[in-house]
Amino acid sequence: MEFIQQLFEQLFGAEWGFMLFTLVKNLIYIIAIAVPLLLGVAYLTFAERKIIAYMQIRVGPNRVTFFGIPWLRGWGQPIADAVKALMKEIVIPTGANKFLFILAPILTIMPALAAWAVVPFSAELVLADINAGLLYILAMTSMGIYGVIIAGWASNSKYAFLGAMRSAAQVVSYELAMGFALVCVLMMSQSLNLGDIVNGQQGGSMLNWYLIPLFPMFLVYFISGVAETNRAPFDVAEGESEIVAGFHVDYSGMAFTVFFLAEYANMILVATLTAIMFLGGWLPPLDIAPLNMIPGFIWLLFKIAFLLFFFLWFRATFPRYRYDQIMRLGWKVFIPITLIWIVVLGLMMQLPESVRNDFPFNLWF
């Protein structure tokens with residue numbers, strides 16, 4: 001890498017060479033993050049259909065293959081779905097605001113992709129290692145709701161607008177609980193940098209992960225993430241039997257597919273942040289051979305896949321909650337629990353140093 005940088009500086013001068021080298025390097029990093037992410041989103045839909053099918057004693061997609069290879073039956077289904085969506089016409093309703101109607105899906109998918117800029121995949125693999133990475137994540141994930149609201153309003157449909165309002169109220173409610181849960185992580189790690197948060201969980205075993213002292217916050221954050229992504233059983237914004245599919249009822253073709261991609265991209269993002277905040281990120285469960293010989297990003301992928309399985313399991317298991325039950329859970333259960341845990345954690349951090357050095361406090365404080 002240093003050789004390439006020196007080559008750029010020799011060709012274009014020190015200042016311009018450094019700027020061009022940085023630009024090219026960042027573009028390569030962005031492509032290296034975006035392409036696997038989009039492929040992961042596509043095949044997460046395939047995994048969801050297959051896993052839920054197995055839970056319901058069905059087969060799931062088993063026809064579309066690559067070049068007629070029998071043991072790849074079904075694996076071509078996400079590609080076929082993408083081609084089908086590209087071939088469909090985008091119908092804009094009469095009376096809709098055309099500019100905002102097209103802008104809404106972009107505003108939904110853009111924060112879901114931009115948030116990955118500060119996500120560390122290992123100790124060395126991160127696009128932007130900024131000190132306020134946690135604040136950046138909160139800012140980006142909070143912007144996605146603008147696309148939902150604009151989509152519901154621009155459609156000029158009462159059903160779409162009602163779905164947008166329900167989704168906005170739900171996301172705002174659970175965003176508070178997620179934020180308070182992350183305050184506990186901030187108090188434990190004493191840093192807003194995601195890499196420092198993972199490094200704060202080092203210690204040789206999974207006993208040092210924040211999962212154990214912050215287990216209630218882990219449950220609150222993960223369940224709130226399920227609710228914020230409008231996944232079952234919190235998918236009242238898309239309650240087909242109630243409001244005809246919610247805020248994107250008037251979208252078709254690739255415009256609808258972008259909403260679909262944003263939902264699954266947010267699922268992967270929530271699973272990744274949960275793994276980083278509470279499950280040690282790229283750290284192995286035990287710092288012994290051969291576990292510590294596996295690359296860190298492989299451990300992170302294992303943890304992400306494990307958490308994503310719960311997203312799919314919830315959809316196959318729980319019935320949809322009523323809207324009043326969802327709001328009651330967010331405001332009367334999750335937010336009080338997080339506030340109480342912040343107070344408890346603050347009191348524990350104020351214990352005398354002699355007490356904090358005793359087991360088990362010395363694992364985390």
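Helices (H or I, at least four residues) and strands (E, at least two) are DSSP runs, numbered from the N terminus. The model is predicted, so that local features need pLDDT of at least 70 and side-chain atom pairs count only at pLDDT 80 or more, while totals for chains, interfaces and linings use all residues. Residues are numbered from 1 along each chain as its sequence is written, and side-chain values use heavy atoms, with hydrogens and water left out.

**Exercise 1. The whole chain**

Determine how many helices and strands the protein chain has, and describe its overall dimensions.

Solution.
- Step 1. The protein chain contains 13 helices and 0 strands.
- Step 2. The radius of gyration (taken over C-alpha atoms) is compared with the globule rule, 2.2 Å times the number of residues to the power 0.38. The radius is 22 Å, close to the 21 Å that the rule gives for 365 residues, so the protein chain is as compact as a globular protein of that length.
- Step 3. Along the principal axes, the C-alpha atoms fill a box of roughly 70 × 60 × 45 Å.
- Step 4. Of the 365 residues, 44% are buried; buried means under 20% relative accessible area, exposed over 50%, and partly exposed in between (1.4 Å probe, protein chains only).
- Step 5. Contact means heavy atoms within 4.5 Å. Among contacts with a separation of 6 or more, 72% join residues 24 or more positions apart.

**Exercise 2. Helices α5 and α6**

Classify the packing of helix α5 and helix α6 from their angle.

Solution.
- Step 1. Two packed helices are described by the angle between their axes and the distance between the axes. Axes are lines fitted to C-alpha atoms, for helices over the stretch in contact, and angles run from 0 to 180 degrees between N-to-C directions.
- Step 2. Helix α5 (residues 133-154) and helix α6 (residues 158-189) pack at about 170°, with axes 8 Å apart.
- Step 3. Angles under 35 degrees count as roughly parallel, over 145 as roughly antiparallel, 65 to 115 as roughly perpendicular and the rest as oblique. Therefore α5 and α6 are roughly antiparallel to each other.
- Step 4. The contact residues include Leu134, Leu138 and Trp153 of α5 and Phe161, Met165 and Leu182 of α6.

**Exercise 3. Helices α2 and α3**

Describe how helix α2 and helix α3 are oriented, and state which residues meet.

Solution.
- Step 1. The axes of α2 (residues 14-55) and α3 (residues 77-87) come within 8 Å and cross at roughly 120°.
- Step 2. The two helices, α2 and α3, are therefore oblique to each other.
- Step 3. On the α2 side, Ala42, Tyr43, Thr45, Phe46 and Arg49 meet Gln77, Pro78, Ile79 and Asp81 of α3.

**Exercise 4. Two loop residues**

Decide whether Asn193 is buried or exposed, and locate Gly204.

Solution.
- Step 1. Asn193 is placed in the loop between α6 and α7. With 4% relative accessibility, Asn193 counts as buried.
- Step 2. Leaving aside neighbours within four places in sequence, Asn193 contacts Asp129, Ile130 and Asn131. Asn193 and Ala132 are 61 residues apart in sequence, yet 5.7 Å apart in space, C-alpha to C-alpha.
- Step 3. Gly204 is in the loop between α7 (194-199) and α8 (215-228). Its relative accessibility is 35%, and Gly204 thus counts as partly exposed.
- Step 4. Residues up to four places away in sequence not being counted, Gly204 touches Pro285, Leu286 and Asp287.
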